[in-house]
Amino acid sequence: MFSPSIDNLIRALKNLPSVGQRTAERFVFYWLKSGKKEVNDLREALDNLLKNIKSCEICWNFGDSNPCPICQDQRRNAAIVAIVEDPQDIPVIEQTGEFKGRYHVLRGLLDSGDEESFNKIKIKELRTRLQTDKNIKEIILSLNPNLNGEMTMLYLEKEIKKNRPDIKISRLARGLPMGADLQYADEITLGSAIKNRK
Ligand SMILES: [Zn+2]
């Protein structure tokens with residue numbers, strides 16, 4: 001519809017979550033109108049992201065170091081691990097002040113509509129972690145209470161019970177409505193969901 005270079009970039013942008021054709025078009029024409037400096041700043045920010053951000057090979061969070069600061073922090077309780085869907089869930093839980101353990105970031109959920117989802121998320125890495133780190137005594141399944149979240153929690157429960165029956169498994173207490181998104185829960189609700197986990 002537009003010139004090939006413009007269409008190309010629109011196509012790439014449309015791979016981003018919640019970006020459709022119209023939004024992608026708005027971005028591209030905004031950059032074309034705003035001039036080279038803004039586009040260069042953006043490119044530099046993306047370059048720095050690729051250059052500096054590492055995966056923590058313990059919890060699979062993203063950060064400037066591997067292991068990440070949370071996994072390196074000796075004051076945190078190594079016996080408790082909260083399993084979360086996304087890296088963005090970590091600051092939300094941190095803000096409640098109710099959790100002083102460590103994390104495991106799945107980077108997604110099992111998805112019945114996507115056969116590859118099992119291989120895409122960090123489930124195998126969790127299994128390895130639980131096999132090697134015998135300090136872990138409790139797992140808090142802290143996934144969003146939606147369909148895929150429930151399915152993933154059921155799978156993990158079975159998997160952990162089978163491989164590490166000594167581990168106590170809990171879930172965030174009710175109070176988080178079905179279909180809720182952790183990232184939009186208020187601190188008090190989420191804080192009490194952690195405190196009253198079962
Ligand atoms: Zn980490």
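Ser-18 sits in the loop between α1 and α2, and its phi is positive, about 55°, although Ser-18 is not a glycine. Most residues other than glycine have a negative phi, and most peptide bonds are trans. The model is predicted: local features need pLDDT of at least 70, side-chain atom pairs count only at pLDDT 80 or more, and totals for chains, interfaces and linings use all residues. Residues are numbered from 1 along each chain as its sequence is written. Helices (H or I, at least four residues) and strands (E, at least two) are DSSP runs, numbered from the N terminus.

**Confidence**
- The protein has an average pLDDT of 92, and 96% of the residues score at least 70; pLDDT is the predictor's confidence in each residue, from 0 to 100.

**Domains and backbone**
- Domain 1 covers 4-52 and domain 2 covers 55-195, with bounds from an automatic or database domain assignment.
- The centres of domain 1 and domain 2, taken over C-alpha atoms, are 32 Å apart.
- Another backbone feature to look at is the peptide bond from Asn-66 to Pro-67, which is cis, with omega near 0°.
- Pro-67 belongs to the loop between β2 (62-63) and α4 (69-72).

**How the helix pairs are described**
- Two packed helices are described by the angle between their axes and the distance between the axes.
- Axes are lines fitted to C-alpha atoms, for helices over the stretch in contact, and angles run from 0 to 180 degrees between N-to-C directions.
- Angles under 35 degrees count as roughly parallel, over 145 as roughly antiparallel, 65 to 115 as roughly perpendicular and the rest as oblique.
- Residues are in contact if their C-beta atoms, placed from the backbone, lie within 7 Å.
- Ala, Val, Leu, Ile, Met, Phe, Trp, Tyr, Cys and Pro count as nonpolar, Asp, Glu, Lys and Arg as charged, and the others, Gly among them, as polar.

**α1 with α2**
- Helix α1 (residues 4-13) and helix α2 (residues 21-34) have axes that come within 9 Å and cross at roughly 130°, which means that α1 is oblique to α2.
- Ile-6, Leu-9, Ile-10 and Leu-13 of α1 make the contact with Ala-24, Glu-25, Phe-27 and Val-28 of α2.
- By class, this contact of α1 with α2 has seven nonpolar residues, no polar and one charged.

**α7 with α8**
- The axes of helix α7 (residues 123-132) and helix α8 (residues 147-163) are 11 Å apart, at an angle of about 30°, so α7 is roughly parallel to α8.
- Arg-127, Leu-130 and Gln-131 in α7 meet Glu-159, Ile-160 and Asn-163 in α8.
- The contact of α7 with α8 divides into two nonpolar, two polar and two charged residues.

**α5 with α9**
- Helix α5 (residues 89-96) packs with α9 at about 85°, their axes 8 Å apart, and the two are therefore roughly perpendicular to each other.
- On the α5 side are Val-92, Ile-93, Gln-95 and Thr-96, which meet Glu-187, Leu-190, Gly-191 and Ile-194 in α9.
- Four nonpolar, three polar and one charged residues form this contact of α5 with α9.

Notes. Two residues are in contact if their C-beta atoms, placed from the backbone, lie within 7 Å.
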